[in-house]
Amino acid sequence: MESIGVLLACPMNSYLEEELTKRYNLFRFWNFPDRTQFLSQHSNSIRAVVGNAFAGADAALIDALPKLEIVSSFSVGLDKIDLGKCKERGIKVTNTPDVLTDDVADLAIGLMLAVLRRIPQCDLYVRNGLWKKGDFRLTTRFSGKRVGIIGLGRIGAAVAKRAEAFDCPISYYSRTKKADSNYTYYPSVIELASNCDILVVACALTEETRHIVNREVIDALGPKGVLINIGRGPHVDEPELVKALSEGRLGGAGLDVFANEPHVPEELFKLDNVVLLPHVASGTEETRTDMANLVIGNLEAHFNGKPLLTPVV
Ligand code: 8YV
């Protein structure tokens, strides 16, 4: 399959890159600063794009690749891919569901504990020698807190399962009530936020869910409430979040994702009630290898005329 051209949208995983290089004629998009020139030279040989949460295949890129057959994403999220355009053109799309669910849900619980029990601050307290001067201040219990989840898909359900083990009552918002769930359903995010202590964003990013956490929702969560975002930055109105945290209208936040990664609003650095992570929820050796194997498996299935492993479109 040496002659099949595959475009890797941005650097994402060295094992994936090696395996793709063994199998395909791999173009690393970031090595070509003049993209117009690159596309005019190579567009006819590219039959697959591999993207991730940061760079995928937008309408312009799809339009520029007349031979594109498949977009295989190294992510479960599909927000960087123009799915409508892919459908129109008959381009297949795959992602990496399931393999990352446990890690992302683990990290969501980690963020809840980190924010409420102030784990990063405690660590700094010891490192900075402050313990010798006195005990760390009291924090807030996590067990038993009411956890509200936006989006009860694979990841949302895995967060719920873990939070249940901490005796947390679970409620959720989704477009429709899940017939097979015993958790409390709220038909609006405002109602969910008004009735929980910790609000978790775990839904897909679409036009409907962009800014699903807005000022009203933040105010409904309130000065004792905590927001956990393991979805996408644009799920949250970030300037409103920063304002609410700074003004004490929101109790705290644990954020793995931001509106304009890797840029994080600097106002957040000064705040003691936030824990900030560099989009690492799926970032374990084990999961990233599984994700890479899914990307490769999907490409191989496609180019060998076999059923895709995790088709989206
Ligand atoms: C990754 C993600 O951080 O799966 C997703 O949607 O956001 C993450 O797993 C990313 O795609 C890895 O580069």
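Trainee: Leaving aside neighbours within four places in sequence, which residues is asparagine 298 in contact with?

Mentor: Happy to start there, bearing in mind that this is a predicted model. Asparagine 298 is found in helix 11. Leaving aside neighbours within four places in sequence, the residues in contact with asparagine 298 are Ile70, Ser72, Thr94, Asn95, Leu308, Leu309 and Thr310.

Trainee: Is asparagine 298 buried or exposed?

Mentor: Good thing to check. The cut-off for buried is under 20% relative accessible area. Asparagine 298 has a relative accessibility of 0%, so it counts as buried.

Trainee: Which side chain makes a polar contact with the side chain of asparagine 298, and at what distance?

Mentor: Look at the segment after helix 11 (285-303), where threonine 310 is found. The side chains of asparagine 298 and threonine 310 are joined by a polar contact. The distance between the two side chains is 2.8 Å.

Trainee: Which backbone oxygen lies 2.8 Å from a polar atom of the side chain of threonine 310?

Mentor: Start from the contacts of threonine 310 beyond four places in sequence, which are Val93, Thr94, Asn95, Pro97, Leu294 and Asn298. One of these residues places its backbone oxygen 2.8 Å from a polar atom of the threonine side chain, and that residue is asparagine 95.

Trainee: Where is valine 76 found, and how is its accessibility classed?

Mentor: Valine 76 is found in the loop between strand 4 (70-73) and helix 4 (83-89). Not counting residues up to four places away in sequence, valine 76 touches Asn95, Thr96, Pro97, Leu100 and Ile155. Its relative accessibility is 26%, so valine 76 counts as partly exposed.

Trainee: What separates the C-alpha atoms of valine 76 and alanine 204?

Mentor: Along the chain, valine 76 and alanine 204 are 128 residues apart. In the model, their C-alpha atoms are separated by 8.9 Å.

Trainee: Why is helix 5 called oblique to helix 7?

Mentor: Two packed helices are described by the angle and the distance between their axes. The axes of helix 5 (residues 101-116) and helix 7 (residues 154-164) come within 8 Å and cross at roughly 50 degrees. That angle makes the pair oblique.

Trainee: How do the residues of the contact of helix 5 with helix 7 divide?

Mentor: From helix 5, the residues include Val104, Ala108 and Met112, and from helix 7 they include Ile155, Ala158 and Arg162. The residues of this contact divide into nine nonpolar, one polar and four charged.

Methods:
Residues are numbered from 1 along each chain as its sequence is written. This is a predicted model: local features need pLDDT of at least 70, side-chain atom pairs count only at pLDDT 80 or more; totals for chains, interfaces and linings use all residues. Side-chain values use heavy atoms; hydrogens and water are left out. Helices (H or I, at least four residues) and strands (E, at least two) are DSSP runs, numbered from the N terminus. A polar contact is a pair of N or O atoms within 3.5 Å; within protein, one must be able to donate a hydrogen and the other to accept it, and residues adjacent in sequence count only if both atoms are side-chain atoms. Contact means heavy atoms within 4.5 Å. Axes are lines fitted to C-alpha atoms, for helices over the stretch in contact, and angles run from 0 to 180 degrees between N-to-C directions. Angles under 35 degrees count as roughly parallel, over 145 as roughly antiparallel, 65 to 115 as roughly perpendicular and the rest as oblique. Ala, Val, Leu, Ile, Met, Phe, Trp, Tyr, Cys and Pro count as nonpolar, Asp, Glu, Lys and Arg as charged, and the others, Gly among them, as polar. Buried means under 20% relative accessible area, exposed over 50%, partly exposed in between (1.4 Å probe, protein chains only).
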